[in-house]
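Biologist: Hey, I have a structure open and could use a hand reading it. Can we go through it bit by bit?
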Amino acid sequence: SDMRAAESQVSDLLARRPQMAEPIARALAERRANLASITEGLDAEARRRRMESDSSDLFKKMKAFFKL
């Protein structure tokens with residue numbers, strides 16, 4: 001499936017360059033925080049806190065999932 005292929009590609013990338021996990025997590029968290037600011041009406045400070053929290057959580061999950 002496309003999802004499995006994408007997972008394999010990300011896994012290969014992170015195996016070669018594990019330092020990319022943090023910027024990827026940060027970018028995903030920023031997208032989620034921006035969406036939340038629209039759908040939940042978050043102000044700039046709440047959006048920043050959400051992004052920091054989500055970024056940390058996503059990074060930890062990526063490390064565990066991809067065994068980094």
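Biologist: What do the buried residues of α2 pack against?
Modeller: They pack against α1 and α3. Keep in mind that this is a predicted model.
Biologist: Okay, and which residues of α2 are buried?
Modeller: Ala21, Ala25, Ala29, Ala33, Ala36 and Ser37 are the buried ones in α2. They cover an arc of only 125 degrees around the axis, so they sit on the same side of α2.
Biologist: Why would residues spaced like that point the same way?
Modeller: An α-helix has 3.6 residues a turn, so residues three or four places apart point the same way.
Biologist: And which exposed residues are on the face of α2 turned away from the buried side?
Modeller: That face carries Arg31, Leu35 and Ile38, which are exposed.
Biologist: How does the span of α2 compare with what it should be?
Modeller: It agrees: α2 has 19 residues, which should span 27 Å at 1.5 Å a residue, and the end C-alpha atoms are 27 Å apart. Just after α2 comes Gly41, with a positive phi of about 70 degrees.

Biologist: What share of the chain counts as buried?
Modeller: The chain has 68 residues, and 22% of them count as buried.

Biologist: On to α3, then. How long is it?
Modeller: Helix α3 covers residues 44-65, so to speak 22 residues, and reaches 31 Å from its first C-alpha to its last. That is close to the 32 Å expected at 1.5 Å a residue.
Biologist: Which of its residues are buried?
Modeller: In α3 those are Ala46, Met51, Asp54, Ser55, Leu58 and Met62. Looking down the axis of α3, you find them within an arc of 160 degrees, so they line one face of the helix. They pack against α1 (2-16) and α2 (21-39). The face of α3 turned away from them carries the exposed residues Lys60 and Ala64.
Biologist: What caps the N-terminal end of α3?
Modeller: Asp43 does, with a side-chain oxygen 3.2 Å from the backbone nitrogen of Glu45.

Biologist: Which residues make up the largest nonpolar core?
Modeller: There are nine: Leu14, Ala21, Ala25, Ala29, Ala33, Met51, Leu58, Met62 and Phe66. The elements giving two or more residues to this core are α2 and α3, and α2 gives the most, with four. As a general point, nonpolar side chains tend to be buried together in soluble globular proteins.

Biologist: Switching topic: how many aromatic pairs are there?
Modeller: The structure holds one. The ring centres of Phe65 and Phe66 are 4.9 Å apart and the planes are at 85 degrees, so the pair is edge-to-face.
Biologist: Are those two buried or exposed?
Modeller: Phe66 counts as buried, at 18% relative accessibility, while Phe65 counts as partly exposed, at 49%.
Biologist: Last one: what's the backbone doing at Lys67?
Modeller: Lys67 has a positive phi of about 55 degrees although it is not a glycine. You'll find Lys67 in the segment after α3.
Biologist: Is Lys67 buried or exposed?
Modeller: Lys67 is exposed, with a relative accessible area of 72%.

How values were computed: Residues are numbered from 1 along each chain as its sequence is written. This is a predicted model: local features need pLDDT of at least 70, side-chain atom pairs count only at pLDDT 80 or more; totals for chains, interfaces and linings use all residues. Side-chain values use heavy atoms; hydrogens and water are left out. The expected span of a helix is 1.5 Å times one less than its number of residues. Buried means under 20% relative accessible area, exposed over 50%, partly exposed in between (1.4 Å probe, protein chains only). The arc is that of the directions from the helix axis to the C-beta atoms. Contact means heavy atoms within 4.5 Å. A polar contact is a pair of N or O atoms within 3.5 Å; within protein, one must be able to donate a hydrogen and the other to accept it, and residues adjacent in sequence count only if both atoms are side-chain atoms. A nonpolar core is a set of buried Ala, Val, Leu, Ile, Met, Phe, Trp, Tyr and Cys residues joined through side-chain atoms within 4.5 Å. Rings of Phe, Tyr and Trp (its six-membered ring) pair if their centres lie within 6.5 Å; planes under 30 degrees apart count as stacked, over 60 as edge-to-face and the rest as tilted.
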